[in-house]
Amino acid sequence: MTILAPVLIGLLYVCLNAFIREPHRRTVNAIMVGGAGAAYLSGGGLGVWEFPFVALTAYVAWRGLKSWTWIGIGWLLHTAWDVAHHLKGAPIIPVLPDSSHGCAICDPVIALWAFTGGRSVTELVWRWLPSSSARMRRAAPRPGAGSPGDGDPACRRTAGAPNGGGATRTR
(Lines give C-alpha, C1' and ligand atoms only; values in the text may rest on other atoms or scores of the structure.)
Protein backbone atom coordinates (compact mmCIF):
# COMPACT_ATOMS: atom_id res chain seq x y z
CA MET A 1 0.00 0.00 0.00
CA THR A 2 2.96 2.31 0.56
CA ILE A 3 3.64 2.14 -3.19
CA LEU A 4 0.18 1.73 -4.67
CA ALA A 5 -1.46 4.69 -2.90
CA PRO A 6 1.16 7.26 -4.06
CA VAL A 7 0.96 5.94 -7.64
CA LEU A 8 -2.84 6.24 -7.54
CA ILE A 9 -2.56 9.77 -6.14
CA GLY A 10 -0.22 10.70 -9.01
CA LEU A 11 -2.64 9.21 -11.53
CA LEU A 12 -5.54 11.05 -9.90
CA TYR A 13 -3.57 14.30 -10.21
CA VAL A 14 -3.02 13.59 -13.91
CA CYS A 15 -6.70 12.77 -14.46
CA LEU A 16 -7.91 15.89 -12.67
CA ASN A 17 -5.67 17.99 -14.89
CA ALA A 18 -7.82 16.94 -17.85
CA PHE A 19 -10.40 19.45 -16.59
CA ILE A 20 -7.96 22.33 -17.11
CA ARG A 21 -7.59 23.43 -20.72
CA GLU A 22 -4.31 24.37 -22.33
CA PRO A 23 -2.44 26.73 -21.98
CA HIS A 24 -3.80 27.14 -18.45
CA ARG A 25 -2.91 23.52 -17.60
CA ARG A 26 0.79 24.24 -18.11
CA THR A 27 0.59 27.45 -16.09
CA VAL A 28 -1.16 25.72 -13.18
CA ASN A 29 1.42 22.93 -13.21
CA ALA A 30 4.32 25.39 -13.25
CA ILE A 31 2.80 27.03 -10.16
CA MET A 32 2.39 23.59 -8.54
CA VAL A 33 6.09 22.83 -9.13
CA GLY A 34 7.03 26.14 -7.51
CA GLY A 35 4.80 25.37 -4.55
CA ALA A 36 6.18 21.84 -4.23
CA GLY A 37 9.67 23.30 -4.08
CA ALA A 38 8.72 25.35 -1.04
CA ALA A 39 6.81 22.55 0.71
CA TYR A 40 9.67 21.63 3.05
CA LEU A 41 10.70 25.19 3.83
CA SER A 42 8.78 25.51 7.08
CA GLY A 43 10.16 22.23 8.47
CA GLY A 44 13.76 23.11 7.73
CA GLY A 45 14.75 19.44 7.72
CA LEU A 46 17.83 20.09 5.61
CA GLY A 47 18.70 23.39 7.26
CA VAL A 48 20.08 26.20 5.16
CA TRP A 49 19.97 23.99 2.03
CA GLU A 50 16.19 24.48 1.89
CA PHE A 51 16.69 28.05 0.62
CA PRO A 52 18.80 27.29 -2.48
CA PHE A 53 16.39 24.47 -3.33
CA VAL A 54 13.45 26.89 -3.22
CA ALA A 55 15.37 29.28 -5.49
CA LEU A 56 16.18 26.44 -7.90
CA THR A 57 12.58 25.22 -8.07
CA ALA A 58 11.35 28.80 -8.50
CA TYR A 59 13.62 29.09 -11.55
CA VAL A 60 12.47 25.71 -12.88
CA ALA A 61 8.83 26.70 -12.33
CA TRP A 62 9.42 29.97 -14.21
CA ARG A 63 10.89 28.01 -17.13
CA GLY A 64 7.93 25.64 -16.82
CA LEU A 65 5.57 28.44 -17.76
CA LYS A 66 6.75 27.86 -21.35
CA SER A 67 7.86 24.21 -21.32
CA TRP A 68 6.40 20.94 -20.07
CA THR A 69 9.92 19.52 -19.98
CA TRP A 70 10.88 21.98 -17.25
CA ILE A 71 7.78 21.01 -15.28
CA GLY A 72 8.87 17.36 -15.48
CA ILE A 73 12.38 18.35 -14.36
CA GLY A 74 10.83 20.22 -11.43
CA TRP A 75 8.91 17.14 -10.30
CA LEU A 76 12.07 15.02 -10.54
CA LEU A 77 14.00 17.58 -8.50
CA HIS A 78 11.25 17.42 -5.89
CA THR A 79 11.52 13.62 -5.95
CA ALA A 80 15.22 13.87 -5.08
CA TRP A 81 14.37 16.31 -2.28
CA ASP A 82 11.70 13.90 -1.00
CA VAL A 83 14.26 11.09 -0.87
CA ALA A 84 16.75 13.29 1.00
CA HIS A 85 14.10 14.24 3.56
CA HIS A 86 12.91 10.64 3.92
CA LEU A 87 16.46 9.42 4.58
CA LYS A 88 17.09 12.22 7.09
CA GLY A 89 13.81 11.49 8.88
CA ALA A 90 12.23 14.90 8.22
CA PRO A 91 8.97 14.05 6.39
CA ILE A 92 6.93 16.56 4.40
CA ILE A 93 3.97 15.98 6.76
CA PRO A 94 5.41 15.67 10.28
CA VAL A 95 2.58 13.46 11.62
CA LEU A 96 3.00 10.97 8.73
CA PRO A 97 6.54 9.55 8.93
CA ASP A 98 6.39 7.96 5.44
CA SER A 99 4.90 10.99 3.69
CA SER A 100 8.17 11.93 1.97
CA HIS A 101 8.54 8.33 0.82
CA GLY A 102 5.05 8.46 -0.70
CA CYS A 103 5.75 11.83 -2.29
CA ALA A 104 8.96 10.41 -3.82
CA ILE A 105 6.83 7.73 -5.50
CA CYS A 106 4.00 10.04 -6.57
CA ASP A 107 6.16 12.80 -8.08
CA PRO A 108 7.80 10.70 -10.86
CA VAL A 109 4.33 9.65 -12.02
CA ILE A 110 3.49 13.33 -12.49
CA ALA A 111 6.92 13.99 -14.05
CA LEU A 112 6.43 11.21 -16.59
CA TRP A 113 3.08 12.72 -17.56
CA ALA A 114 4.68 16.18 -17.87
CA PHE A 115 7.35 14.75 -20.18
CA THR A 116 4.53 13.58 -22.49
CA GLY A 117 3.53 17.21 -22.90
CA GLY A 118 0.96 17.33 -20.11
CA ARG A 119 -1.80 16.09 -22.36
CA SER A 120 -5.22 15.28 -20.96
CA VAL A 121 -5.88 11.61 -20.34
CA THR A 122 -8.22 11.40 -23.33
CA GLU A 123 -5.54 12.89 -25.59
CA LEU A 124 -3.01 10.35 -24.33
CA VAL A 125 -5.39 7.45 -24.95
CA TRP A 126 -6.10 8.59 -28.50
CA ARG A 127 -2.36 8.94 -29.18
CA TRP A 128 -1.71 5.36 -28.02
CA LEU A 129 -4.52 3.86 -30.08
CA PRO A 130 -3.78 2.81 -33.67
CA SER A 131 -4.16 5.46 -36.36
CA SER A 132 -7.56 6.84 -37.22
CA SER A 133 -7.61 4.96 -40.54
CA ALA A 134 -7.15 1.70 -38.63
CA ARG A 135 -9.98 2.71 -36.29
CA MET A 136 -12.18 3.41 -39.31
CA ARG A 137 -11.40 0.00 -40.83
CA ARG A 138 -12.37 -1.69 -37.58
CA ALA A 139 -15.60 0.32 -37.45
CA ALA A 140 -16.55 -0.47 -41.08
CA PRO A 141 -19.56 -2.77 -41.41
CA ARG A 142 -18.84 -6.44 -42.08
CA PRO A 143 -20.41 -8.06 -45.15
CA GLY A 144 -23.96 -9.06 -44.32
CA ALA A 145 -24.00 -6.94 -41.15
CA GLY A 146 -26.07 -4.14 -42.64
CA SER A 147 -24.94 -0.65 -43.38
CA PRO A 148 -24.79 2.61 -41.45
CA GLY A 149 -28.24 3.92 -40.76
CA ASP A 150 -30.09 0.61 -41.00
CA GLY A 151 -32.79 0.57 -38.39
CA ASP A 152 -32.48 4.30 -37.69
CA PRO A 153 -35.66 6.06 -38.87
CA ALA A 154 -33.80 9.37 -39.00
CA CYS A 155 -31.52 8.01 -41.73
CA ARG A 156 -32.53 7.26 -45.29
CA ARG A 157 -30.67 5.85 -48.28
CA THR A 158 -29.99 8.30 -51.05
CA ALA A 159 -29.22 6.73 -54.41
CA GLY A 160 -26.84 8.74 -56.53
CA ALA A 161 -25.80 10.97 -53.63
CA PRO A 162 -22.28 12.45 -53.77
CA ASN A 163 -21.23 10.19 -50.90
CA GLY A 164 -21.84 7.11 -53.02
CA GLY A 165 -25.33 6.34 -51.87
CA GLY A 166 -24.49 5.98 -48.17
CA ALA A 167 -26.85 6.84 -45.38
CA THR A 168 -27.50 10.49 -44.76
CA ARG A 169 -29.07 12.05 -41.74
CA THR A 170 -32.36 13.91 -42.19
CA ARG A 171 -34.06 16.07 -39.64
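## Helices and the loop at P23

Helices (H or I, at least four residues) and strands (E, at least two) are DSSP runs, numbered from the N terminus. P23 sits in the loop between α1 and α2. A cis peptide bond, with omega about 0 degrees, joins E22 to P23. Most peptide bonds are trans.

This is a predicted model: local features need pLDDT of at least 70, side-chain atom pairs count only at pLDDT 80 or more, and totals for chains, interfaces and linings use all residues. Residues are numbered from 1 along each chain as its sequence is written, and side-chain values use heavy atoms, leaving out hydrogens and water.

Side chains of opposite charge can pair when their charged atoms come close. Here a salt bridge is a side-chain nitrogen of Lys or Arg within 4 Å of a carboxyl oxygen of Asp or Glu. By this rule there are two salt bridges.

R25 pairs with E22, their closest N and O atoms lying 4.0 Å apart. R25 also meets E123 in a salt bridge, at 3.8 Å from N to O.

R25 counts as buried because its relative accessibility is 4%. E22, at 33%, counts as partly exposed. E123 is also partly exposed, at 36%.

## α2 against α3

Two packed helices are described by the angle between their axes and the distance between the axes. α2 and helix α3 (residues 50-64) pack at about 175 degrees, with axes 8 Å apart. Axes are lines fitted to C-alpha atoms, for helices over the stretch in contact, and angles run from 0 to 180 degrees between N-to-C directions. α2 and α3 are therefore roughly antiparallel (angles over 145 degrees).

Contact means heavy atoms within 4.5 Å. On the α2 side, R26, A30, V33, G34 and G37 take part; they meet F53, V54, T57, V60, A61 and G64 in α3.

## M1

M1 lies in the segment before α1 (4-16). M1 counts as exposed because its relative accessibility is 76%.

Methods:
Buried < 20%, exposed > 50% of the residue type's maximum accessible area, 1.4 Å probe, protein only. Parallel < 35°, antiparallel > 145°, perpendicular 65-115°, else oblique.
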